[in-house]
Amino acid sequence: MEDPAPRPGHSSFVWLVGASQIVGLASVVLTGVWMGHYRGGFAWDGTAQEFNLHPLCMVLGLVFLQGDAILVYRIFKHEPKRNVKVLHGVIHLLALIISIVGFVAVFDFHRTAKIPDMYSLHSWCGMATLVLFCIQWVMGLVFFLFPVASAWLRAAYLPVHVFCGLVLLVMAIGSSLLGITEKLLFSIMPTYSKFVSEGILANTLGILLMFFGVLLGYLITREEYRRPPNPEEEALSVHFKTLTEGGSPTTP
């Protein structure tokens, strides 16, 4: 049997995935340069250098790694579903650990510097994103990676899980943009309007984060880039439809 002809959108898919990785890595690098070069580097001693770990961990964990964890279902759409699930869960776990480190760093810095916690819009949005991210990861674990729920419940929850993953990515990027603005106003407010290099770098970081989100959103929502359904997914779909619409499942 001849191999199927490559789909017309394959070339554009490869370029879009490559662009998303370049933009995502550039965002992480720019965050490191901003905190390392302009804000004095990194430490774990309760000083401002410990705070600098917070934006780096957030961009690396909640934005870049979370986006890549979602993207694996598009990149490895012809690989065994179980393997992709494991990779998806592991990258999300790594993102969660890195993000928690970033949150601990900012709270530890605030405690040492006697700065109030959780009063800004950025902190509220960021905390909501992390809490929901934790819930999303646990739900994915018990529903899909080590499923304890019935087939019809998993089929019903799957669209919600996919939707929430995209929403969380948007929330993470939005929280990051709020954090960038807040940090700039706290650090260089008198000179920010004069187009100083630190302000330009941070603004560029914000643009890259938005661009990363746009690329991921496009790749995730385009129907031609979706993973083709496998027998397991088709069985779930048939089972769910049978239970919700009546009748009896057909035997394949």
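**Burial and surface**

Mentor: Of the chain's 252 residues, 42% count as buried; buried means under 20% relative accessible area, exposed over 50%, partly exposed in between (1.4 Å probe, protein chains only). This is a predicted model: local features need pLDDT of at least 70, side-chain atom pairs count only at pLDDT 80 or more, and totals for chains, interfaces and linings use all residues. Residues are numbered from 1 along each chain as its sequence is written, and side-chain values use heavy atoms, with hydrogens and water left out.

Trainee: How many helices and strands does the chain have?
Mentor: Eight helices and zero strands. These are DSSP runs, numbered from the N terminus: helices are H or I, at least four residues, and strands are E, at least two.

Trainee: Take Ser20. Buried or exposed?
Mentor: Buried, at a relative accessible area of 0%. Ser20 lies in helix α1, residues 10-38.

Trainee: Which residues does Ser20 touch?
Mentor: Leu71, Phe212, Leu215, Leu216 and Leu219, leaving out residues up to four places away in sequence. Contact means heavy atoms within 4.5 Å.

Trainee: What share of the contacts in the chain is between residues 24 or more positions apart?
Mentor: 74%, counting contacts with a separation of 6 or more.

Trainee: New topic. How much accessible surface does the chain have?
Mentor: About 13,900 Å², and 72% of that belongs to carbon and sulfur atoms. Areas come from the Shrake-Rupley method with a 1.4 Å probe; for residues, only the protein chains shown count as cover.

Trainee: And where is Ile97?
Mentor: In helix α4, residues 81-113. Ile97 is partly exposed, with a relative accessible area of 46%.
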